[in-house]
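Here's a quick tour for anyone meeting this model for the first time. Have the 3D view open and follow along.

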Amino acid sequence: MDFLELENKYIDLILKRCLNFEQSKSLMIHLDLKEHMPFALKIKERAESLGISDVCLDVCDLYEYHDYLKKTSLEDIDDNPLLNRSNWDLYAKKGGALLFINSDIPGLMSDIEIEKQNKATKIREKNCTYYRSNVTKYTFPWTIVAMPNLAWANSVFPNDSNAYQKLYLKIMKMCMLTEVDPILAWNEFILKSNYYKEKLNDLKITELHYQNGLGTDLHIFKNADASWINLDKTDQSGHTMIANMPSYEIFTSPDCRYTKGIVYSSRPLIFRGVVIDQFWLKFSDGKVVDFDAKIGKEALADLIYHHENANLLGEIALVECDSPIARTNLVFNTTLFDENASSHLALGQAYHLPIHGAEKMSKEELDKIGLNSSPVHVDFMIGTEDMNIEAETQYGRKLIFKQGRFYL
């Protein structure tokens, strides 16, 4: 397998299809790890060849971030360059394209006190208020992609001397880069996804009832006018984009006020570098009223109780249990991939795109239609091969998901 050829295909897929920017646009590339600078420089060179003269490389190395928090007292955490997100606001405000090269390190932050992480996060958030309030409105084009690192690879392929190469190849295959024309392959997949999206939208669903063998028995409500959206999105300039690469989900925003019942996780959740696994959440009147986790309970409690409206849902996403990522039979320990192997929900911020005109609504107006506003958006996986979902539709009650697959 020629990794150089695949990398070049990856770069073109990112720039030409995921971000789909005009030649006059600028580009910010954010890296999680310095080791991926050569890849970022290749993207920069390719972007410049396409006519993009303003390209910014923004780096916050996760290892350096960890070490800074480890050695710094809570009182002394301040505006360190590692916490600076001003470039995110700068490029978002001028309508630039934002590319995030993710490379998770499972468990990296497990030895950092929650209070330190929260303080650092608040400092980062104050530097990118425009970005945070507009990213879910798709005011500007953005996309998240992945690159491997050795620690991540070893968590997916333990005790394997070829773990890094195996993970890299899996990423390439899941992004359809082994296809002759990846852009064409994704466009063809979008046509298939559009079929299910349109079927769901025609049903005018107002309630979904989830059940599976783990014990999930959950009712989620939504506005009948909240559209289902798939991976092919349009920014406010009218340009199509793919926000997550890869993406196999069809999603919408719930009415966060009425969720009730219990839901069990089906895959680990990584929240700020801490692993949360084998957990359940109980909802009443929209809010999480009880929970437990065998792994990472403290981090789960912090998410729910110390972030405004993170105890309410912000996303409903359907993913078939035999998606290309699910068929690998691997747990990738990163949300970007695991959320596309399993139906999932999100705590916190809701996407505005499903509700026409929501991007112009005030917080009070959003509250009235049950569209959650929060500083966080955290996906967690709940899908299983025996998941059934019954929906209340304009045609009456209908089974829309049977044994982990669409039943439309």
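Predicted model: local features only at pLDDT ≥ 70, side-chain atom pairs only at ≥ 80, totals over all residues.

Strand β1 covers residues 27-31, and it pairs with β2 in the parallel sense over five bridges. Zoom out and you'll find an open sheet of four strands, ordered β2-β1-β3-β4 and paired in parallel. Which strands sit at the edges? They are β2 and β4, each of which pairs on one side only. Ignoring direction, neighbouring strands of this sheet are turned by 20° against each other on average.

Here are the strands with their residue ranges:

| Strand | Residues |
|---|---|
| β1 | 27-31 |
| β2 | 55-59 |
| β3 | 97-102 |
| β4 | 142-146 |

Now for the helices. Helix α2, made of residues 37-49, lies across β1, β2 and β3, and runs at about 165° to β2.

Next, take a look at helix α3 (residues 62-71) and helix α5 (residues 114-126), which pack at an angle of about 120° with their axes 10 Å apart. The two helices α3 and α5 are therefore oblique to each other. As for handedness, α3 passes α5 in a right-handed crossing. Which residues make the contact? On α3 they are Y65, L69 and K70, and on α5 they are K116, A120 and R124. Sorted by class, this contact of α3 with α5 has three nonpolar and three charged residues, but no polar ones.

Note on methods: Residues numbered from 1 in each chain as written. Heavy atoms only, no water. Axes fitted to C-alpha atoms, helices over the stretch in contact; angles between N-to-C directions. Parallel < 35°, antiparallel > 145°, perpendicular 65-115°, else oblique. Left-handed = near helix turned anticlockwise from the far one by under 90°. Contact = heavy atoms within 4.5 Å. Nonpolar A, V, L, I, M, F, W, Y, C, P; charged D, E, K, R; others polar. Pairing = 2+ DSSP bridges.
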